[in-house]
Amino acid sequence: QQQRRIAVALSGGVDSTVSALLLKERGHENLVGIYMRNWDERDESGHCRGDEEWDRVQGVCRTLKIDCVQVNFVKEYWNGVFSLMLDGYKHGVSPNPDVLCNRRIKFSALLDHCRQHLGVDVLATGHYARLRPSPDCADGTEVQMLRPADQSRDQTYFLSSVPQSALQRAMFPLGDLLKTDVVELARKAGFDDVVAQKESRGLCFIGKRNFTDFLSQYVEPRPGPVALLDGTVVGSHKGLHTRVVGQRVSFKWMSLHKRLLDGRRRHFICRNDVATNTMYIVDDKHHPALYSQQFVTDPVNWISGRPPAHLCVRLSDSDSSFNSRQSWQVTLQPLTGSMPRRMFVATLSERDNGDGMVVTSTEPVWAVKGGQYAVLYDGDVCLGSAQIRHPLPMTTNDRGRADGG
């Protein structure tokens, strides 16, 4: 029986390298390594990190005795990911480009290219996630995505908007391994140069640069006022894109009248008002204005294509409704690594006009931002995600809970 042809997305890092190694060791001979170039910019010295990554990828493929190819998706990434991120920041929201990249580039443009031009059946990546046949599908073609064994490396959040059709052609060889096991496997196989590479946990196209500095190269400055919640103007900012909700006040990007502020206290952005171009600040990281208990999202992208049957209310033989009393595990992921991922329990209800959902948390949630993705789980199973439009104002009772009252 002819083996399926598998493409392994390689970046020159340890996770993708060990993914290819494991497939080879498991007897998959019909492999091809594929390096995807999404960003093409040289630094001040003419150095391009992509060239170094491609060199390492070729070295890995030589060692494993598999073919390797390079594909250029710079244009697709710019149009399908980066330009959308810039547009979001211009309009006061903070989209996550890694979620967009997985849906629009890696498991769309790249997967399509592999199938059409390389005769590939499956795309394997170094993501920490697991796949299994869905128990709700009689013919076994539908899959579920689960959190990995190493939950400290869980990447199901970033894969939560990948459609079912693409996940059926995906493989995640690292899903049952711990990161420490992966590093050890790479060492034993002689990939010391790969292990020595500093792991990239940020946005791939920024490298070591400051995110706001980088973003300001592409977003035109639009100065505006900085105000307290009572409307008192205490300074000016260089653009709403320079600070997001929950971040500390930055004197690099703001001019503040210190005599109007308590200089002994740190201040934090609690709201960016796009209509008036005003940045509102508070003097406590846990000020009630930084908390939300409800927020509005786009319609949910269900991985299975529909809400799970056991979490819905049956209306008739042919119809069912979302169970607004059902509790869900919801995760929010910040754009930068300075804020931890948050998980909480919430209920979901469809909006009266049918346009999107309202998520209601059992507890106030800190620094909810438009553009983030709310990812839904049932235990370890990732059900799907919805992009947040905006948080809703808290009630007086909710504010008391955020205050600890």
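Predicted model: local features only at pLDDT ≥ 70, side-chain atom pairs only at ≥ 80, totals over all residues.
Trainee: Why is Gly239 called buried?

Mentor: Buried means under 20% relative accessible area, and Gly239 has a value of 1%, so the residue counts as buried. Gly239 is found in the loop between E9 and E10, where it touches Arg222, Pro223 and Met279, if residues up to four places away in sequence are not counted. Gly239 also lies 8.1 Å from Glu220, C-alpha to C-alpha, and the two are 19 residues apart in sequence.

Trainee: How do you know that strand E13 is largely enclosed by the rest of the structure?

Mentor: Six of the seven residues of E13, which spans residues 291-297, are buried, and therefore the strand is described as largely enclosed. For the whole protein of 405 residues, 50% count as buried.

Trainee: What makes E13 and E19 a pair of strands?

Mentor: Two strands pair if there are at least two bridges between them, and E13 has six bridges to strand E19 (residues 357-366), so the two are paired, in the antiparallel sense. Within this pairing, Tyr291 stands opposite Trp366 in E19. E13 is also joined to strand E21 (residues 381-391), by three antiparallel bridges, and there Thr297 stands opposite Ile388.

Trainee: Why are E10 and E11 called edge strands?

Mentor: Strand E10 (254-256) and strand E11 (268-273) each pair on one side only, and that is what the name expresses. They belong to an open sheet of five strands with the order E10-E9-E8-E12-E11 and mixed pairing, in which the twist averages 25° from one strand to the next. Inside this sheet, strand E8 (residues 224-227) and strand E9 (residues 233-237) run antiparallel and are joined by four bridges, with Val226 opposite Gly235 in E9.

Trainee: What makes a group of residues a nonpolar core?

Mentor: The residues must be buried and of nonpolar kinds such as Leu, Met and Phe, and they must be joined through side-chain atoms within 4.5 Å. The largest such core has 46 residues, among which Phe107, Leu110, Met145 and Phe172 touch the most other members. Helix H4 (residues 97-117) gives the most to this core, with nine residues. A second, separate core of 29 residues includes Ile6, Leu22, Cys61 and Ile66. In soluble globular proteins, nonpolar side chains tend to be buried together.

Trainee: Which residues does Phe107 contact, leaving aside its neighbours within four places in sequence?

Mentor: Its partners include Leu123, Leu159, Val162 and Phe172, and also Asn102, Thr125 and His127.

Conventions
Residues numbered from 1 in each chain as written. Heavy atoms only, no water. Buried < 20%, exposed > 50% of the residue type's maximum accessible area, 1.4 Å probe, protein only. Contact = heavy atoms within 4.5 Å. Axes fitted to C-alpha atoms, helices over the stretch in contact; angles between N-to-C directions.
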